[in-house]
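Please open the model in your viewer and keep the sequence panel beside it.

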Amino acid sequence: MLRHVFPDTEGVSSLAEKSNYPRINAERVWQRHMELAAIGATSGGGVHRLALSAEDLTAHRRLADWALARGFKIEVDAIGNMFICRAGADTSAVPVASGSHTDTQPFGGRFDGALGVLAAFEALETLEDHAIVTKCPVEVAVWNNEEGARFMPGLSGSAVYTGALDLAEMLACRDTDGVTMGECVAQLHAAVGEAGKRDLGRPYAGFIEAHIEQGTILEDNANTIGVVTDIQGNRRFEVDVVGEAAHSGTTPRARRKDAFIAATDIAVALRNVFEDKDDIARFTIGLFKVMPGAKSVVPGRVEFFIDFRHPSADALKELGDQIAIVAANHQGRCVATVREVSSAAPEAFSDEIISRIAAAADRHGFANQRIISGAGHDARFLKRLCPTGMVFIPCKDGISHNEKESATPSDVAAGSQVVCDVLLDLAGRQ
């Protein structure tokens, strides 16, 4: 039976000698980033690597080759998560882990997700370089389909692993070409044939995820490390506005049921509801489809998607519940239907992991601050299994999900060093 081996946390906030912690190889981890970014590279300097696409399978294969060359074990589970495993001295101990994802948004950036995977892998390589024997095994988790750009919903690899989503339902999901997630997972198993089988839900003793901030708070405050305390909640809605298609040249305004006008009236009214003086609420209409989409036809139908996020559970409920009311009040001669498709409550991370991240940053002299994550991350679901935390590094101008997404080699190295320190703390030395 596996048992938890979790080192004593006493004195975690005190400064420790740097010599007690191995220094990561900054040049190597940056080179790994550039090599991974070349898989699915775009002409605009970004990466287009959708979940379990040919490019993403190649990225998994590359990671597997690097891992096997260092003598690490590879495992893949039923939903397509891949694990890179470095053994510990106690074979019955529950592992500790770090990681993120390799899939990107369409024409996305080089660091979103990749940072977390490669910082974790650098930690394993560093431990190996210095022949450090840990009590617990240490793993890299490569979570499948974090972005949700190909298969909905996102974060599905970590969600299925932790029991938040159903395996069969996710394997049956289809992309826009009709390809199922199950077919793609089978291709991953074939691409990484050396991988052993990982059971879903296998426990961890601790988990840390490194990520670019995807905002400007760290950059604005000239800080290198964000010690993430919380992750804000979200509610997502589909809005369907049905009017009546008509001839644009012959139909007078008084007789029109223009779905576009109704939809934009609803959108403007919602913008006014969600604007707050402190600029905390995040309200986005990122998908807006007008039908039939003909130049000489009054739109008969509009579908749009609302992404609403907030760190307060009360605000999520109060403001989110206004969407259907506003839609009904501004639908005009059309009919607006609002359907909530997903939600997630705000989550607080482990005080212990937060303290360890802050201590690691202080130990190496990295300027740092507490920060709330505005984006969703796999770490949200890992909280269901174990103490969990996140570490952020800056990204230039806060730009992410964009080919211009950028991070500096020094910040990548700093984030990787913090991950390595925390994993060593959690795994313990033999």
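The model on the screen is a predicted one.

**Stop 1: two residues with positive phi**

Begin by selecting leucine 52, in the loop that runs between helix H1 (26-37) and helix H2 (54-69). Although leucine 52 is not a glycine, its phi is positive, at about 55°. Is leucine 52 buried or exposed? Leucine 52 counts as buried, because its relative accessibility is 1% and the limit for buried is under 20%.

Next, select aspartate 279, located in the loop between helix H8 (259-274) and strand E10 (282-291). Aspartate 279 is not a glycine either, and its phi is positive at about 55°. With a relative accessibility of 51%, however, aspartate 279 counts as exposed.

**Stop 2: two cis peptide bonds**

Select methionine 152 and proline 153, which are joined by a cis peptide bond with an omega of about 0°. Proline 153 belongs to the loop between strand E4 (138-142) and helix H4 (156-161).

Then move to methionine 291 and proline 292, where a cis peptide bond has an omega of about 10°. The loop that holds proline 292 lies between strand E10 (282-291) and strand E11 (297-298).

**Stop 3: the cysteines**

A disulfide is a covalent bond between the sulfur atoms of two cysteines. How many disulfides does a search of the whole structure find? The search finds 0.

Select cysteine 136 together with cysteine 386: the sulfur of cysteine 386 is the nearest cysteine sulfur to cysteine 136, yet it is 12 Å away. Cysteine 136 itself is buried, at 0% relative accessibility.

**Stop 4**

In soluble globular proteins, nonpolar side chains tend to be buried together. The largest nonpolar core of this model has 92 residues; select Ile84, Tyr204, Ile225 and Val418, which touch the most other members. Helix H13 (residues 409-427) gives the most to this core, contributing 11 residues. Valine 418 can be examined separately: beyond residues up to four places away in sequence, it touches Ile225, Ile357, Ala360, Ala361, Phe366 and Val391.

Apart from this core lies another one, of 22 residues; Ala262, Ala269, Ala281 and Leu319 are among them.

**Stop 5**

Select valine 117 in helix H3 (residues 114-129). Valine 117 is buried, with a relative accessible area of 0%. Leaving aside neighbours within four places in sequence, its contacts include Leu63, His101 and Val140. From C-alpha to C-alpha, valine 117 is 52 Å from alanine 246, and the two are 129 residues apart in sequence.

Continue to glycine 226, in strand E7 (residues 225-231). Glycine 226 counts as buried at 0% relative accessibility. Glycine 226 and alanine 361 are 135 residues apart in sequence, while their C-alpha atoms are 9.2 Å apart. With residues up to four places away left out, glycine 226 touches Leu218, Gln369, Ile371, Met390, Val391 and Phe392.

Leucine 382 is buried, with a relative accessible area of 0%. Which residues does leucine 382 touch, not counting residues up to four places away in sequence? They are Trp143, Ser158, Thr162, Tyr204, Phe207 and Thr388. Threonine 162 is 220 residues from leucine 382 in sequence and 6.7 Å from it in space, C-alpha to C-alpha.

**Stop 4: the second largest pocket**

Rolling a probe the size of a water molecule over the atoms shows where empty space is left. For the last stop, select Arg253, Arg256, Lys257, Asp258, Ile261, Ala262, Asp265, His330, Gln331, Gly332, Arg333 and Cys334, which line the second largest pocket. The volume of this pocket is about 200 Å³. Its lining consists of 3 nonpolar, 3 polar and 6 charged residues.

Methods
Residues are numbered from 1 along each chain as its sequence is written. This is a predicted model: local features need pLDDT of at least 70, side-chain atom pairs count only at pLDDT 80 or more; totals for chains, interfaces and linings use all residues. Side-chain values use heavy atoms; hydrogens and water are left out. On a 1 Å grid over the protein atoms alone, a cavity is a set of points where a 1.4 Å probe fits but cannot get out, and a pocket is an open set with protein on both sides within 12 Å along at least five of seven lines; lining residues have an atom within 4 Å of a point. Grid points are joined across faces, edges and corners, and a volume is the space filled by probe spheres set on the points. Ala, Val, Leu, Ile, Met, Phe, Trp, Tyr, Cys and Pro count as nonpolar, Asp, Glu, Lys and Arg as charged, and the others, Gly among them, as polar. A nonpolar core is a set of buried Ala, Val, Leu, Ile, Met, Phe, Trp, Tyr and Cys residues joined through side-chain atoms within 4.5 Å. Buried means under 20% relative accessible area, exposed over 50%, partly exposed in between (1.4 Å probe, protein chains only). Helices (H or I, at least four residues) and strands (E, at least two) are DSSP runs, numbered from the N terminus. Contact means heavy atoms within 4.5 Å. A disulfide is a pair of cysteine sulfur atoms within 2.5 Å.
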